[in-house]
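Here is a short report on how two chains meet.

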Amino acid sequence: MCRVYYTPLPRGGKVLTVDTMNANVKKVDYAVRGPIVQRAVQIEKELKEGVKKPFEEVIKANIGDAHAMGQRPITFFRQVMALCTYPQLLDDNKFPEDAKNRARRILQSCGGNSIGAYTTSQGIECVRHDVANYIQRRDGGIPSDPDNIYLTTGASDGIVTILKLLTAGEGRTRTGVMISIPQYPLYSASIAELGAVQVNYYLNEEKCWSLDISELQRSLQAAREHCNPRVLCIINPGNPTGQVQSRQCIEDVIQFAAKENLFLMADEVYQDNVYAEGCEFHSFKKVLFEMGPEYSSKVELVSFHSTSKCYMGECGFRGGYMEVINMDPEVKAQLTKLVSVRLCPPAPGQALMDLVVNSPKPGEPSYQTFMMERTAILSALAEKAKLTEEILNTVPGIRCNPVQGAMYSFPCITLPERAINEAKAKGQAPDMFYCMKLLEETGICLVPGSGFGQREGTYHFRMTILPPTDKLKILLNKLKEFHQKFTQQYS
Amino acid sequence: FKLFSGGLNYTILYILHVCSVISRFTPEILRKGIHGDTMTENGCEYRERVLTMDTMNPNVKRVEYAVRGPIVQRAVQIERELKMGIKKPFTEVIRANIGDCHAMGQKPITFFRQVLALCSYPDLLEDGKFPEDAKSRARRILQACGGGSLGAYSTSQGIEMIRQDIARYIERRDGGITCDPDNIYLSTGASDAIVTMLKLLVSGEGMSRTGVMISIPQYPLYSATLAELGAVQISYYLDEDNCWSLDISELRRALQEAKKHCSPRALCIINPGNPTGQVQSRQCIEGVIRFAAAEKLFLMADEVYQDNVYADGCKFHSFKKVLFEMGLEYSEKVELASFHSTSKCYMGECGFRGGYMEVVNLDPEVKVQLTKLVSVRLCPPVPGQALLDVVVNPPQPDEPSYDTFIKERTDTLATLAEKANMTQEILNQVPGIKCNPVQGAMYTFPRIHLPPKAILEAKKEQTPDMFYCMKLLEETGICLVPGSGFGQRDGTYHFRMTILPPKEKLKIVLAKIKEFHQHFMAQYS
């Protein structure tokens with residue numbers, strides 16, 4: 001009898017192992033789709049297989065994915081997308097004229113009149129023109145040059161590209177990137193991948209997550225001891241914190257950047273998601289130019305926007321753009337060259353972006369429906385923002401700052417000493433321990449605050465406000481119940 | 001310190017003091033840079049920018065991508081000039097620089113666009129004008145999307161159902177060899193996945209820095225990415241005299257040479273080839289696999305042109321299939337990543353940025369890292385994922401859309417084959433141009449003989465083939481990419497031209513090139 005042995009390959013037998021791979025990639029973490037989400041997916045599979053659990057479904061409140069949580073797409077946008085995709089529909093009288101016009105216009109600027117053609121690497125020219133016009137209207141007439149607009153594969157793509165350009169030097173001269181704590185972990189992940197230096201500045205939880213210039217100063221001074229801070233990133237409205245910065249604050253940040261020679265990156269993907277009274281979105285570009293030539297001709301700024309958030313929620317299309325202000329012309333040529341290697345951003349995403357900045361106007365057939373849908377979505381979000389803050393603040397041991405904007409709440413949770421110790425013994429961040437238990441007991445998937453950054457000794461979680469209102473209420477009450485139980489269990 | 005030794009100590013202290021003062025200012029100088037001064041547009045003051053050529057990422061400066069490089073920028077300028085009414089010896093610019101089928105008039109596959117339209121605007125599922133098979137695919141795709149919408153993020157690896165469909169497609173294509181959907185990663189075009197794998201592979205420093213073997217000529221995504229990642233490019237020459245075939249002895253030579261200064265870890269091969277169009281024989285593929293196994297190289301097989309095979313006697317053999325048919329000694333050992341895309345073949349859907357890779361024998365811990373890495377960018381474009389699903393799941397013989405689908409597919413591929421043949425024939429009639437058979441892909445990469453006088457004149461500022469192509473552009477409006485953008489043996493010159501313009505136009509283009517070349521030769525003899 002002949003036995004065949006299948007010897008497992010020794011680890012040293014492979015070319016690509018954790019020892020030979022890119023060391024920077026190992027340092028990358030992205031909590032929004034990290035271990036807790038992987039466990040949530042596993043649980044979903046178990047539920048499907050009929051495994052009994054104390055709940056029937058997993059609620060994915062970990063990611064800002066509006067459509068996945070039941071939000072409907074804007075009808076007009078999808079009509080135009082369908083027309084662009086299958087132009088035979090231009091003969092179909094079920095589609096309104098305004099949708100058809102936009103589709104024709106977009107197709108005319110596509111190679112061979114097809115959204116299947118590559119576009120120029122910077123993005124379809126007529127779309128960039130429309131984006132520039134939108135920015136101009138939004139910013140009270142301050143000119144925007146279409147040549148300063150780069151369409152991107154979601155805002156993430158643009159952000160990574162700019163960080164890449166900025167990363168240089170070694171040791172003490174290595175590029176330092178200032179980013180808020182808490183932050184959206186694309187930043188920390190990209191900084192790790194590029195081998196740049198992350199320079200943390202803490203947002204002030206006591207003051208509704210506002211930004212203190214003194215804290216920026218402190219952080220910068222400390223960073224200069226060991227790296228070369230070159231760039232300051234700010235997310236406004238904030239993720240995960242939801243704060244909407246005041247105009248004064250934005251001016252202060254611009255003054256600070258000007259004085260300290262910092263390249264400004266303004267992540268403004270939530271610009272339409274502003275809920276709290278007294279809060280208003282002020283674009284960095286607008287404020288910069290209203291501060292006069294001393295600043296507007298000097299400060300280097302890139303602003304980012306996307307089709308994924310606001311009222312559109314079209315995450316899957318990967319549409320986005322960035323506007324570059326005061327970029328060195330030679331560097332701009334390098335930027336254009338760099339993006340050309342990946343050919344172009346997805347054409348459907350570009351088309352969608354065109355519609356976002358060129359939405360139905362009063363007098364057009366689709367206007368009313370469009371406004372109704374848009375208003376309904378934004379007001380539902382505003383309601384849910386408020387509801388979330390209110391309910392969470394009724395829970396002893398949970399303290400939730402007002403959700404001024406964006407799509408998340410980032411409440412502070414008080415954890416009993418025993419729970420903290422048990423977590424640490426397991427090698428887990430205490431808020432991960434908490435969130436894992438929450439997931440296993442209720443099916444609710446949140447992201448622990450440690451995934452975004454927080455002050456030492458504080459714990460948080462990020463929860464989206466996206467589930468439909470009724471489900472959200474249930475969710476919040478389950479959370480309340482869980483927290484009380486958890487606190488009791490570990491006292 | 002004591003006064004008696006005060007003199008020396010004082011000097012030391014003074015020096016230390018001066019040093020500390022300098023070191024406090026040095027970061028300032030480093031920060032502001034020496035060359036950062038520029039005038040503002042209104043000329044009112046000097047500013048020192050933060051981000052300048054001196055302070056930016058040096059690797060990015062080394063990146064070149066000829067397919068959209070200087071010659072294309074000039075072509076765009078010329079198009080603008082034409083629009084403004086400037087007189088030229090031609091009425092339009094013909095962009096034969098990039099593999100963009102739709103831009104050159106190729107029509108999309110009707111069925112694909114129907115399904116995508118249904119997915120984009122599901123109200124159309126009620127519309128009687130759409131065939132049932134398109135509707136059922138659209139419903140199936142939407143069911144697999146969050147909230148039944150193309151607008152939701154998908155999992156980072158790509159919609160599970162689509163990965164399963166791709167796995168089945170690969171199994172059918174490869175004669176039943178198992179494909180695990182968990183080894184499939186959807187990507188934003190094949191380029192995205194290629195860059196991701198190269199990124200994972202790059203490590204080490206100096207002599208241990210990752211070296212990546214790539215053909216000369218190559219598609220410059222590879223050279224650009226290696227430059228950006230700071231990896232070492234290891235060039236292996238394809239054999240022009242033998243129809244651009246791959247010699248194992250040449251691989252060996254390149255590898256030996258490379259081992260002296262880096263750590264070769266990966267071998268990239270494009271089959272069917274870009275820009276050369278060669279379709280590697282099965283024998284050759286086996287040879288490459290054996291070589292990779294023996295020399296411990298990670299194999300990257302760029303197979304985006306797998307349906308674009310024209311020449312008699314040529315056939316596409318997937319690396320995966322050959323690997324597994326070579327038995328366990330190889331199929332359990334060789335690490336392989338294969339890439340495919342929606343941009344080429346008969347689909348030509350470049351703008352959708354659809355693509356995937358299959359990883360074989362990837363270390364499980366590395367695979368976890370890969371999954372983590374792609375999660376940071378959330379997911380590839382969902383419309384592209386949906387498109388890929390219909391590509392691997394096209395109409396079947398018993399379905400309503402089958403006949404039209406097959407006709408469109410066949411016509412597109414047959415036309416490409418005709419144009420490949422015609423291109424080769426016409427170019428080979430030109431004295432001074434020698435064109436290898438266009439066995440597959442979408443390009444011709446002919447060798448052009450340039451007179452010494454022209455070479456001399458060019459070298460003042462440009463590579464000789466760039467000089468040639470620029471003149472061609474200015475005089476005829478035809479935009480090609482010089483061979484120097486892809487790599488070629490020293491002292492040889494080429495250009496890459498697509499075979500994509502419609503047949504009648506292609507004939508004209510080829511005739512114009514013939515005329516131009518003869519004129520150029522005469523001018524510079």
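## The interface

Chain B gives 100 residues to the contact and chain A gives 103 residues; contact means heavy atoms within 4.5 Å. In chain B, Val50(B), Leu51(B) and Tyr153(B) lose the most area to chain A, together 9% of what that side buries. The two chains bury about 8400 Å² between them, 57% of it on carbon and sulfur atoms. Buried area is the accessible area (1.4 Å probe) that two parts lose on being put together, summed over both.

This is a predicted model: local features need pLDDT of at least 70, side-chain atom pairs count only at pLDDT 80 or more, and totals for chains, interfaces and linings use all residues. Residues are numbered from 1 along each chain as its sequence is written, chains are lettered from A and ligands numbered from 1 in the order in which they are written, and side-chain values use heavy atoms, with hydrogens and water left out.

## Salt bridges

Seven salt bridges are counted between chain B and chain A. The term requires a side-chain nitrogen of Lys or Arg within 4 Å of a carboxyl oxygen of Asp or Glu. Arg342(A) and Asp192(B) form a salt bridge through their side chains, at 3.3 Å, N to O.

## Ile98(B)

Ile98(B) counts as buried because its relative accessibility is 9%; the cut-offs are under 20% for buried, over 50% for exposed and partly exposed in between (1.4 Å probe, protein chains only). Beyond its neighbours within four places in sequence, Ile98(B) touches residues of both chains, including Tyr118(A), Leu343(A), Val67(B) and Arg496(B). Tyr310(B) lies 212 residues from Ile98(B) in sequence and 19 Å away in space, C-alpha to C-alpha.
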